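Here's a quick briefing to read alongside the model. Have the sequence and the 3D view open as you go.

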Amino acid sequence: MISPAQPDFKSHFTELLHPTLTELAPPSVGVNIEFARPRQASHGDYACNLAMQLAKPLRRNPREIAALFVNALSASPYLEKIEIAGAGFINLFLKTSAKQQFPRHVLEHGELFGHVNIGAGKKIQVEFVSANPTGPLHVGHGRGAAFGASLANVLAAAGYSVAREYYVNDAGRQMDILALSTWLRYLELNGVTSRFPGNAYQGEYVRDMARLIYKAHGGRYVHEPDLLFDGLAGETGDNTEAELDGLIANAKKLLGQDYAYIHNFVLTEQLGDCGNDLMEFGVVFDTWFSEQSLFASGAVAHAVELLEQGDHLYEQDGATWFRSTDFGDEKDRVVQRENGQFTYFASDIAYHLNKFERGFERVIDVWGADHHGYIPRVKGAMKALALDPAKLEIALVQFAVLYRNGKKAPMSTRSGEFVTLRELRKEVGNDAARFFYVLRKSDQHLDFDLDLAKSQSNENPVYYVQYAHARVCSVLEQWGEDAAVLITADMSPLASTVELSLLQKLIDYPEIVEAAAKELSPHLIAFYLRELAGEFHSYYNATRFLVPEVPLRLARLGLVAAVRQVLSNGLKLLGVTAPAKM
């Protein structure tokens, strides 16, 4: 949270303008006071188009309106001058002395510099990754993990009380396919060979789990495998999904109560591997929420009953349907099949109802972009349950495509031909993976260039930013004195163009954090850090820091120490380390 001693220029200017705006126009006009950073320095440090917004509803000349706002802003102690430009833009120029305060504010607040309080402690949940625990996480999952973790960090820095959650799909068909796949590999170890379905899980990790079961239990779970294909297409089957379902049903019948052991074993193994992988990646969850618990507790049946009470369900062809088209979906959706089993959609409805029952004021789901069509039905179900669908926000993440030696790597989980997140981290390191994953807006396509990620060059953005941090550490180490004295150093010698530009970048950081939180866009932090590093490198290459003149030396060291702190703070939000040496 910004302390009272730390100027927040935009809020300050807004407070000055608000009385005049209230006097000129009623709230119904719907005009907001906004300040932007002009692209050209000659247009000031901030620009406001408020007068132009009001010109049409007030039927007045925008330059005349702007003059009234300029009069209100003249009370600010931070402004050097105010200009009315063009049709009615208001350009604001900060005093150099106002900018020179910021190294002290950065160093005083340390790791908390840049934290804002737009969240005001509201409970917010971010649910992300939530991959089926049917195999190792691949590089596609990695992008969702990096985005979700960074977003949660940004929201916490913006003042929200954030809960990070992983939804474990432990009740569905995919887990049955994995259990069947593992059992078939286990049978092979016991000398029982049969056709292995091409649409079962193929990866070596399946064989590894089968070996663990065989090592611990020998042939205990063989159970009449010759009956596995009874009633099916036999060993010349065509790998249809229906045949796979038949194999699962037969395996459950043959194994009886022992099926639960196979199912729970593969779930525990894969979920444990997933948790370790994510923890090593710097991604930690407060809650791992079981889908199965929703069925066991009756929450799914309860959610469906509530929809029934609201007259949002109907029966057709033996199944129970949700009137999803009443809420903007393209067609109605089944919540309970003719065999009495609830659908995935039914458990998703119960899960989201449960989230709000736990007291979250906002819920953010991080989904793959291929789930875009799922949004209307989930939001529709929330509305049908008398919940505010606006409190459920969906952040879509496009797939990340990995390129190695210029070739696209396949990532199919069932075929086993995928590049794991663990392999990626081993090859490029956690820092490069975390930074590269959030370099673009989450809903934009991402090509992950391994060669670039491993290079030690200015073209590699994470190296470029970390090197800036390490350079400051080297300068301060050469200086060799207690950096605490820089907090009270006189910053008035900082007057060059590049120094004033660096000071403005420091001023911008809290606004970047706020924008990243509001827009659910942690990539804004990555963009900012790259720009800040660029300005610092230019300053470093053109400037002597350890000059004989003590006031100038301390001022410059105070500035670069503040840059180091902001680089560290921003990298921390992205889950990237800030090394002292490189």
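In which helix is the place of His-12? His-12 belongs to helix H1, which covers residues 9-24. Keep in mind that you're looking at a predicted model. Below are some notes on that histidine, on a pocket and on a couple of cysteines.

**His-12 and its surroundings**
- With a relative accessible area of 18%, His-12 is buried, because the cut-off for that label is under 20%.
- Leaving aside residues up to four places away in sequence, His-12 touches Ser-76, Pro-77 and Tyr-78.

**The second largest pocket**
- The volume of the second largest pocket comes to about 1,100 Å³.
- Its lining is made up of 41 residues, and those nearest the centre of the pocket are Val-129, Ser-130, Ala-131, Asn-132 and His-371.
- Sorted by class, that lining has 17 nonpolar, 17 polar and seven charged residues.
- Three helices, H6 (139-157), H7 (173-189) and H13 (344-357), each supply at least two lining residues, and so do strands S10 (362-368) and S12 (400-404).
- H13 gives the largest share of the lining, at five residues.

**Cysteines**
- Cys-274 is buried, with a relative accessibility of 3%.
- Cys-473 also counts as buried, at 12% relative accessibility.

Technical notes: Residues are numbered from 1 along each chain as its sequence is written. This is a predicted model: local features need pLDDT of at least 70, side-chain atom pairs count only at pLDDT 80 or more; totals for chains, interfaces and linings use all residues. Side-chain values use heavy atoms; hydrogens and water are left out. On a 1 Å grid over the protein atoms alone, a cavity is a set of points where a 1.4 Å probe fits but cannot get out, and a pocket is an open set with protein on both sides within 12 Å along at least five of seven lines; lining residues have an atom within 4 Å of a point. Grid points are joined across faces, edges and corners, and a volume is the space filled by probe spheres set on the points. Helices (H or I, at least four residues) and strands (E, at least two) are DSSP runs, numbered from the N terminus. Ala, Val, Leu, Ile, Met, Phe, Trp, Tyr, Cys and Pro count as nonpolar, Asp, Glu, Lys and Arg as charged, and the others, Gly among them, as polar. Buried means under 20% relative accessible area, exposed over 50%, partly exposed in between (1.4 Å probe, protein chains only). Contact means heavy atoms within 4.5 Å.
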